[in-house]
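Please work through the exercises below with the sequence and the 3D structure open beside you. Each one sets a task and is followed by a solution in steps.

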Amino acid sequence: MDLVNGALNWAAMPAMVAALLLFYPPYYLFKLCYSFLSYLFPDDLKRKVVLITGASSGIGEQLAYQYAAKGACLALVARKEWSLRQVADRAFDLGAPDVIILPGDVADPDDCNRFVQATVDHYGRLDHLVCNAGIASVGAFQEIPDVTNYSSQLDVNFWGAVQSTSAALPHLKRTRGRIVVTASATGWNPVPRMIFYNAANAALINFFETLRSELGSEVGITIVTPGWIESEMSKGKFLKEHGGVEVDQEYRDAQIGLFPVEYAKNCARAMVQAARQGDRYLTVPSWFGTMYLWRVFAPEVVEFCYRLLYMHRHGGGDQTDAPSKTMAQGGGKQMLYPSSLRSSDVKSD
């Protein structure tokens with residue numbers, strides 16, 4: 001066994017590089033042609049049944065409007081019933097033939113089973129499951145007094161999507177439907193002081209990549225890894241060290257820094273288009289994908305820059321003293337943040 005592994009250690013790398021150089025050009029050409037055809041002939045969403053979690057605000061709200069404009073029938077899930085009613089009314093106006101609202105919490109497995117079954121009972125089918133519900137958290141690991149305060153991060157972002165998928169999968173198989181997953185670019189590009197959020201998104205990406213391998217062509221999966229998008233999170237709504245959710249725009253400014261924030265409408269439009277084309281992955285805004293190359297080829301440089309920007313100048317302590325906040329408040333917000341983010345108001349339950 002040692003001899004075999006020793007031989008592979010010497011031979012595998014050059015052999016794999018040579019194989020990749022031979023294989024990649026025709027493979028890329030095939031993908032390019034396939035993508036072009038998918039762009040010309042996207043899936044028709046008219047009368048398709050789409051269930052969206054986290055649909056009361058942010059990306060989820062805009063996804064409801066984009067699907068409605070394409071003629072899809074909607075099932076909208078979130079904890080905020082009043083906000084869901086407002087979203088449903090506008091979705092009707094934009095062209096949705098039918099919309100039902102299903103107040104529920106994706107962190108509760110019984111709720112996941114209930115809202116999936118209610119959707120199928122009402123429409124008789126399910127074509128798209130959009131796992132969009134999520135919360136964000138901030139806090140450096142060494143500053144957290146009790147790590148169990150962050151358990152809801154994985155309950156919502158990871159287990160909420162897993163439980164919803166488990167309930168919906170038999171119905172999606174029958175329609176050869178699609179799962180659209182809103183993860184985050186932090187799943188492959190982790191930034192300091194969001195350690196549990198990063199971990200939850202990395203788990204989410206790996207779960208659905210594995211599920212894609214297991215399902216093959218039975219159910220399509222589109223994994224979306226947005227950068228900073230206009231939402232309650234980019235307004236400063238975070239799960240904090242004490243386990244409660246607060247709106248703190250100073251923490252927001254320190255975390256976003258000088259990264260431009262994309263409009264939720266643009267993100268949702270790109271997501272629906274990617275789902276219609278059968279895309280496997282989507283990063284919004286697209287330029288954010290270049291960060292992946294830096295993470296792969298120069299990880300030490302990325303880590304040094306992030307530590308310089310996000311951590312306290314003395315190596316820890318108060319997030320609000322991070323250089324990224326000073327840069328953001330030096331006039332950058334007016335140019336880089338949508339006007340909606342200048343208010344700390346978020347939708348109430």
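## Exercise 1: Aromatic pairs

Tyr306 and Tyr310 are 4 residues apart in helix H10 (residues 299-310), so about one helical turn separates them. Helices (H or I, at least four residues) and strands (E, at least two) are DSSP runs, numbered from the N terminus. This is a predicted model, in which local features need pLDDT of at least 70 and side-chain atom pairs count only at pLDDT 80 or more, while totals for chains, interfaces and linings use all residues. Residues are numbered from 1 along each chain as its sequence is written, and side-chain values use heavy atoms, with hydrogens and water left out.

Task: classify the ring pair of Phe158 and Phe207, and then that of Tyr306 and Tyr310.

Solution. Begin with the rule: rings of Phe, Tyr and Trp (its six-membered ring) pair if their centres lie within 6.5 Å, and planes under 30 degrees apart count as stacked, over 60 as edge-to-face and the rest as tilted. By this rule the count comes to 13 aromatic pairs. The ring centres of Phe158 and Phe207 are 6.0 Å apart and the planes stand at 90 degrees, so this pair is edge-to-face. Phe158 belongs to helix H5 (residues 151-175) and Phe207 to helix H6 (residues 195-215), so that the pair links distant parts of the chain, 49 residues apart.

Tyr306 and Tyr310 are both buried.

## Exercise 2: The nonpolar cores

Task: find which residues have the most contacts inside the largest nonpolar core.

Solution. A nonpolar core is a set of buried Ala, Val, Leu, Ile, Met, Phe, Trp, Tyr and Cys residues joined through side-chain atoms within 4.5 Å. The largest has 57 residues, and those with the most contacts inside it are Leu51, Phe115, Ile179, Met194 and Phe208. H5 gives the most to this core, with 8 residues. Taking contact to mean heavy atoms within 4.5 Å, and not counting residues up to four places away in sequence, Phe115 touches Leu51, Thr53, Val77, Leu102, Val106 and Ser164. A second, separate core has 34 residues, including Ala68, Leu84, Ala96 and Ala264.

## Exercise 3: Backbone exceptions

Task: decide whether Arg176 is buried or exposed, and Arg193 likewise.

Solution. As background, most residues other than glycine have a negative phi, and most peptide bonds are trans. Arg176, in the loop between H5 and strand S5 (178-182), has a positive phi near 50 degrees; with 54% relative accessibility, Arg176 counts as exposed. Arg193, in the loop between S5 and H6, has a positive phi near 70 degrees, but at 4% relative accessibility Arg193 counts as buried. For the peptide bonds, turn to Val284 and Pro285, which are joined by a cis bond with omega about -10 degrees. Pro285 is placed in the loop between strand S9 (281-282) and helix H9 (290-297).

Technical notes. Buried < 20%, exposed > 50% of the residue type's maximum accessible area, 1.4 Å probe, protein only.
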